[in-house]
Amino acid sequence: MTPERTAELVERWVRLYTRELPSAVAERRVDEMGADLHDHIAHERARGTGDVRIAFSILSRMARGLPADVSWRRRVGPLKGGVMKRFANILIPILGVIIGVPAMLYGNADDSPGLVLIGILLIAGTLAFGFVPALRSKSRVVGFVLGAVVVWLAVVGVAGWLENNF
Amino acid sequence: MPPRKPGTLLPLETEILQIALAMLRAGHATFHGFGLAHTMREQQGSRSLTAHGTLYKALGRLEEFGLLTSRWEDAATAEGRPRRRLYELTSQGANVAERALPDRAAGPLPRPASKPA
């Protein structure tokens, strides 16, 4: 994991949650985040911080800010069905796999059952999302809410742990 | 982040105004998102930078309240890196920040009404 790849992930997330907003609003957020990520990486490298730690720091900032991103998105422009569906179908499984698998592997290697449990919960949430489209619409809503909470908690926990231990 | 009481600023928003005022007094009229996050981390002695979503949502709200203004950095100044969004304290924001320290001890700081869209 490199800082640049993590920054790309953040930029993809920003482009996702700014979809269907007026272009001026969306472009401002995308460009401002691009500048922030560039400054973050440049500043940390100048301090001699390792690439892995920079990457986890960026990931942690993104994960901790997810609720605020969603809140901001809902305030500046109502989420339409298509956007919500993309949130569930694209972002959550990607994050689930990216964070869940390393969490389980690292937890095993480091004899850390808590981290393994987080990884398992994360993977379980991701699998639940995989089955959501096959479920009835009512179950899909419940699945989205529960899965989102599980994934968010797992991402915040794992990213924070990694940030503080690397 | 604690819930917002109607008509008040959140602690993070007050902190941003205070840092902006300190920067202004130090001769730095403008600041940008990452610089602000870095300054807050230094002041708090924290290991983590403020989250992206939290930071830019707070900056946006302060701009809506008329306490900050923002503009894009000149391309020439950027020298090849992505242009930063530069924020500046308004006179109203400076007044609110001036009152922030004594008022924070007494509770959440009242905020002015939002600017019309």
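Some ground rules. Residues count from 1 along each chain as its sequence is written, and chains are lettered from A and ligands numbered from 1 in the order in which they are written. Because the model is predicted, local features need pLDDT of at least 70 and side-chain atom pairs count only at pLDDT 80 or more, while totals for chains, interfaces and linings use all residues.

Chain B to start. It has five helices and three strands. Helices here are DSSP runs of H or I with at least four residues, strands are E runs of at least two, and both are numbered from the N terminus. The order along the sequence is α-β-α-α-β-α-β-α. Chain B has 117 residues, and 33% of them are buried. Buried means 20 or more other C-beta atoms within 10 Å of the residue's own; exposed means 12 or fewer; partly exposed is in between; the C-beta atoms are placed from the backbone.

Now contacts. Two residues are in contact if their C-beta atoms, placed from the backbone, lie within 7 Å. Take the chain B contacts with a separation of 6 or more: 59% of them join residues 24 or more positions apart.

Next, the cores. A nonpolar core is a set of buried Ala, Val, Leu, Ile, Met, Phe, Trp, Tyr and Cys residues joined through C-beta atoms within 7 Å. The largest one has 23 residues. B:Ile16, B:Leu17, B:Leu55, B:Leu59 and B:Leu62 have the most contacts inside it. At least two residues each come from α1 (11–25), α2 (33–44), α3 (52–64), β3 (85–89) and α5 (91–106) of chain B. α3(B) gives the largest share, five residues. Look at B:Leu59: beyond neighbours within four places in sequence, it contacts B:Ile16, B:Gly33, B:Leu68 and B:Tyr87. Apart from this core lies another, of 16 residues, including A:Tyr17, A:Met33, A:Phe56 and A:Leu59.

Two helices of chain B, then. α1(B) and α2(B) pack at about 100 degrees, axes 11 Å apart. Axes are lines fitted to C-alpha atoms, for helices over the stretch in contact, and angles run from 0 to 180 degrees between N-to-C directions. So α1(B) is roughly perpendicular to α2(B). The cut-offs: under 35 degrees is roughly parallel, over 145 roughly antiparallel, 65 to 115 roughly perpendicular, the rest oblique. B:Glu15, B:Ile16 and B:Ile19 in α1(B) meet B:Leu36, B:Thr39 and B:Met40 in α2(B).

Over to chain A. α1(A) and α2(A) pack at about 165 degrees, with axes 10 Å apart. That makes the pair roughly antiparallel. A:Val14 sits in α1 (residues 3–17) of chain A. Why does A:Val14 count as buried? Because A:Val14 has 23 C-beta neighbours inside 10 Å. Not counting residues up to four places away in sequence, A:Val14 touches A:Arg29, A:Val30 and A:Met33. A:Asp69 is 55 residues from A:Val14 in sequence, yet 8.5 Å away, C-alpha to C-alpha.

Last, where the chains meet. Chain A puts in 23 residues and chain B 18. On the chain A side, α2 (23–46), α3 (51–76) and α6 (137–165) each supply at least two residues. α3(A) gives the most, eleven.
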